[in-house]
Amino acid sequence: MSKHSGGRASRKSLRDLSEETGAEAATDRGKVEDGTGGEAETERPPRWLPLAAEGQAMLKDLQAVATTVALVAAVTVCAAAVLLVVLRRTFVVITVTGLSMLPTYRPGDRVIVRRGRVPASGGEVVVEMPCIEDRTWRSAAAGLGAPGVDVARRSWLIKRVAGAPGDVCSPLTGEPVEVPPGHLFLLGDNADRSFDSRQMGPFRSDRVLGSVWYRL
């Protein structure tokens, strides 16, 4: 009798233990309804999953920032290259080598010339130097501003504009001349050492490089 009672107690303890174990498992793993009125067990996601998702979002943000920075850098480089080309086509640096513009300019002085600009009377201009012997140019005219011309391959003079088209000026011949269209009457500040319109007559405007814009 005692053994039978003990046997029942033992089986009941095992069932209770099983129920307790199942309850603990359900508590750890969670329960969800399966749509049929019953319950189905499901596992909770690992704790590191939200951190991984957050890391992926941060990585995407960093990639977007890197792409934006690369685009900005590329645009900046292109803009700088375009600006450099524009500046080279607009301005050129000329070094003074003679004495014809003393005391305004001395040998070794450097000036920035703005291409294609002809200053008013009194302004300073850079013009292609002709052959002194026959007072003509051996090379073809480059046009006002000398677009597309390698400035270093030609010789230049810096002079002051003394007369524009329609002005009457006096060369060394003593006979006043009217400056014709497309020409300029140019003089050096140091008359004793200058080859200019006093010997040459008016210079052609298509031989003008530009006006002196700034002294370095």
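Arg-204 lies in strand β10, which spans residues 203-204; helices (H or I, at least four residues) and strands (E, at least two) are DSSP runs, numbered from the N terminus. The model is a predicted one, in which local features need pLDDT of at least 70 and side-chain atom pairs count only at pLDDT 80 or more, while totals for chains, interfaces and linings use all residues. Residues are numbered from 1 along each chain as its sequence is written, and side-chain values use heavy atoms, with hydrogens and water left out.

**Surroundings of Arg-204**

- Arg-204 is partly exposed, at a relative accessible area of 33%; buried means under 20% relative accessible area, exposed over 50%, and partly exposed in between (1.4 Å probe, protein chains only).
- When residues up to four places away in sequence are not counted, Arg-204 touches Trp-137, Ala-141, Gly-182 and His-183, where contact means heavy atoms within 4.5 Å.
- The C-alpha atoms of Arg-204 and Gly-143 are 9.6 Å apart in space, and the two residues are 61 residues apart in sequence.
- A polar contact of 2.7 Å joins the side chain of Arg-204 to the side chain of Asp-206. A polar contact is a pair of N or O atoms within 3.5 Å; within protein, one must be able to donate a hydrogen and the other to accept it, and residues adjacent in sequence count only if both atoms are side-chain atoms.

**Salt bridges**

- Side chains of opposite charge can pair when their charged atoms come close.
- A search of the whole structure finds nine salt bridges, each defined as a side-chain nitrogen of Lys or Arg within 4 Å of a carboxyl oxygen of Asp or Glu.
- Glu-128 is bridged to Arg-154, with the closest N and O atoms 3.2 Å apart. This pair links distant parts of the chain, 26 residues apart: Glu-128 is in strand β5 (residues 124-128), and Arg-154 is in the loop between β5 and β6 (156-163).
- Glu-128 is buried at 5% relative accessible area, whereas Arg-154 is partly exposed at 22%.
- Arg-138 forms a salt bridge with Asp-134, their closest N and O atoms being 3.4 Å apart. Arg-138 is exposed, at 66% relative accessible area, and Asp-134 is partly exposed, at 37%.
- In the salt bridge between Arg-198 and Asp-196, the closest N and O atoms are 2.7 Å apart, and both residues are buried.
- A network of salt bridges links Glu-124, Arg-160 and Asp-189.
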